Amino acid sequence: MPEFQYAFHFDSSACSGCKTCQLACKDKNNLPMGSFWRRVYEVSGGGWRKDGEAWIPDIAAYNLSISCQHCREAPCIKGCPSGALAKRADGIVTLDKAKCLGCRYCEWTCPYGAPQFDPETGIVTKCDFCLDLIEIGERPACVTSCPMRALDFGELEELKIRLGGVGRVFPLPPESQTKPALLIKPHPSSARAEALAAATANREEVSR
Amino acid sequence: MNFREWPLVLFTLLFQTAAGAAATFWALAVLGRPGASGRLPAIVIFLPAVLSAALSLFHLGRPFRAPRSILNLGRSWLSREILFLLTFKAAAAAMVLDEPLGLQAGGILRPVAALSGLACIFMMSKIYTLPAVPDWNSWRTPASFFSSAFVLGGLTAGCVIGGLKAPVLILLAAAFIFNLVFAPRFGLAGRKATPLGFRPNPAWPAIFAVRLILFAAAILFWLTALILPEAASWLEWAALSAAVISETIGRLQFYDIPLGLSPRTA
């Protein structure tokens, strides 16, 4: 019997890149300037390809809405020297603000850039899956706000059965690295993204 | 160049200097070299160790919570590093007090300091060998940390007690070849724009060249000290100074790397 694990499901083929999820998260959690617990990466690449006498567009362009993946093998928990990060019985990775010393090591260990340092408070902050909302039977703010219904959440195994999806899409790190609690319905062009040398187009926006 | 991590640059370099010096002095004491034991070498080990620990606090958002950093010894390399750092500092402090208090414990304290210092450098390198940071996740990280320790520690020991010209020269030459050929050239060798949006700093090759020129200057100063014994003292200190600047540039480049999905802006 697998352990209970909350997870996000993201439909990349449906995402329009409007970033409402990003803003809803920021608004709900009252995040300071520059801090985003959820970021939308605009991945694009490719160009014109000659096909006989014709030039045709050969591109990959899609969005990825990425937050903390509440990984099953979370490197942030393993690395945290003070034990401030922990995994709950429902799989959600939480941060105890009273224990964090602001060493920022979790920022280094996380391949998704999820933990983010807040210079105002001197500690790290991260997505808590909108625990307060889940506990009263509501959905995380990012899921509720998405106008394209591209985001969903639930128990990982149940989500796999209900919606399917894969654990990794270019340019996310290999799934085996942290076993993220994330399922993605890939955009059709993502299969050729690596071959087309796609890159994050909104680099400045997602940089920290 | 990204100076944001200056506390870590100074912490790692000063601690590695102290640990390298402790290992060198211990080896020399075992070989019966005059001046390798006693209060002066102990102070030379203790001061950078204490200074490094103090500077590391500037990296923390909540420095008063620093004692909490050893609470995850079972899983965190960072906790283990701090434990060995504290062991090293305690041994170095005891070495300083050994003579005044008549403890006669130098024979035990020297290996404890040297071995805990080297163990701490190993733990330190484990902290950085992270799958999430491909530029750090290789043998180059521990190799460059130990290289810095033996270069700076060896040069410091050589300047303090003298008479180590040939062995330190060999050490410097080996480290130069390592830095030139195998290169912990963080930000240089094979680094390209990544799909995550990271773009290499165009100034890095020039900065790396300056680092190598300074390292070569350190070797030249040390070699000249070997040939001209009458000018040896200032030439040795000049060699140490050039090596310190070179290693500092290298460490700044080490920390100037992209992290995870969201590369830091410089």
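Helices, taken as runs of at least four residues, and strands, taken as runs of at least two, are DSSP runs numbered from the N terminus. In this predicted model, that numbering places A:Phe129 in the loop between β7 (123-125) and α4 (131-134) of chain A.

Most residues other than glycine have a negative phi, and most peptide bonds are trans. A:Phe129 has a positive phi, near 65°. With a relative accessibility of 1%, A:Phe129 counts as buried, because the cut-off for that class is under 20%. B:Gln104 likewise has a positive phi, near 55°, and lies in the loop of chain B between α3 (77-101) and α4 (106-128). Its relative accessible area is 73%, so B:Gln104 is exposed. A cis peptide bond joins A:Phe170 to A:Pro171, with omega near 5°; A:Pro171 belongs to the loop between α6 (156-163) and α7 (175-178) of chain A.

The two chains also meet at an interface. The size of an interface is often given as the accessible area lost when the parts come together. Chain A and chain B bury about 3,200 Å² between them, and 56% of this lies on carbon and sulfur atoms. On the side of chain A that touches chain B, the elements giving two or more residues are β2 (39-51), α2 (75-79), α3 (105-109), β10 (199-200) and α8 (203-206). That side of chain A comprises 22 nonpolar, eleven polar and eight charged residues. The contact involves 41 residues from chain A and 39 residues from chain B. Between the chains there are zero salt bridges, whereas 16 residue pairs are in polar contact across the interface, both residues being at pLDDT 80 or more.

Notes:
Residues are numbered from 1 along each chain as its sequence is written. Chains are lettered from A and ligands numbered from 1 in the order in which they are written. This is a predicted model: local features need pLDDT of at least 70, side-chain atom pairs count only at pLDDT 80 or more; totals for chains, interfaces and linings use all residues. Side-chain values use heavy atoms; hydrogens and water are left out. Buried means under 20% relative accessible area, exposed over 50%, partly exposed in between (1.4 Å probe, protein chains only). Contact means heavy atoms within 4.5 Å. Buried area is the accessible area (1.4 Å probe) that two parts lose on being put together, summed over both. A salt bridge is a side-chain nitrogen of Lys or Arg within 4 Å of a carboxyl oxygen of Asp or Glu. A polar contact is a pair of N or O atoms within 3.5 Å; within protein, one must be able to donate a hydrogen and the other to accept it, and residues adjacent in sequence count only if both atoms are side-chain atoms. Ala, Val, Leu, Ile, Met, Phe, Trp, Tyr, Cys and Pro count as nonpolar, Asp, Glu, Lys and Arg as charged, and the others, Gly among them, as polar.
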